[in-house]
Amino acid sequence: MTDEKQGLEQARAAAAKYEKWKENGVLLRAFFYIAGTHLFAGFVWLLFVLGEHAER
């Protein structure tokens, strides 16, 4: 019975580690999506600013 309990605790620890790894992956992905969106929006804004100041 002790071996079963120890195995269960190890399985819970492994599951918790896996969930933490998944959570970190989601946070990293969200950061890159948000940063990428802001970079793209800044590029579009730059195009409008440059187009506004262009000689016609």
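Q: If helices are DSSP runs of H or I with at least four residues, numbered from the N terminus, how many helices and strands are there in the chain of this predicted model?

A: In this predicted model, the chain has one helix and zero strands. The radius of gyration is 24 Å, well over the 10 Å that the globule rule gives for 56 residues, so the chain is more spread out than a compact globule.

Q: What does the C-alpha trace of the chain span along its principal axes?

A: The spans along those axes are about 85 × 5 × 5 Å.

Q: How much of the chain is made up of buried residues?

A: A residue is called buried when its relative accessible area is under 20%, and in this chain buried residues make up 0% of the 56 residues. The accessible surface of the chain comes to about 5700 Å², and carbon and sulfur atoms account for 67% of that surface.

Q: How many positive and negative side chains does the chain have, and how far apart do the centres of the two sets lie?

A: There are 7 positive and 7 negative side chains, with the centres of the two sets 2 Å apart.

Q: Which residue forms a salt bridge with Glu19?

A: A salt bridge needs a side-chain nitrogen of Lys or Arg within 4 Å of a carboxyl oxygen of Asp or Glu, and the structure holds one. Glu19 pairs with Lys22, their closest N and O atoms being 3.6 Å apart.

Q: Why are Glu19 and Lys22 separated by about one helical turn?

A: They are separated in this way because they are three residues apart in helix 1, which covers residues 2–52. Glu19, at 44% relative accessibility, counts as partly exposed, and Lys22, at 36%, also counts as partly exposed.

Key
Residues are numbered from 1 along each chain as its sequence is written. This is a predicted model: local features need pLDDT of at least 70, side-chain atom pairs count only at pLDDT 80 or more; totals for chains, interfaces and linings use all residues. Side-chain values use heavy atoms; hydrogens and water are left out. Helices (H or I, at least four residues) and strands (E, at least two) are DSSP runs, numbered from the N terminus. The radius of gyration is taken over C-alpha atoms; the globule rule is 2.2 Å times the number of residues to the power 0.38. Buried means under 20% relative accessible area, exposed over 50%, partly exposed in between (1.4 Å probe, protein chains only). Accessible areas come from the Shrake-Rupley method with a 1.4 Å probe; for residues, only the protein chains shown count as cover. Lys and Arg count as positive and Asp and Glu as negative; His and the chain ends are not counted. The place of a charge is taken as NZ of Lys, CZ of Arg, CG of Asp or CD of Glu.
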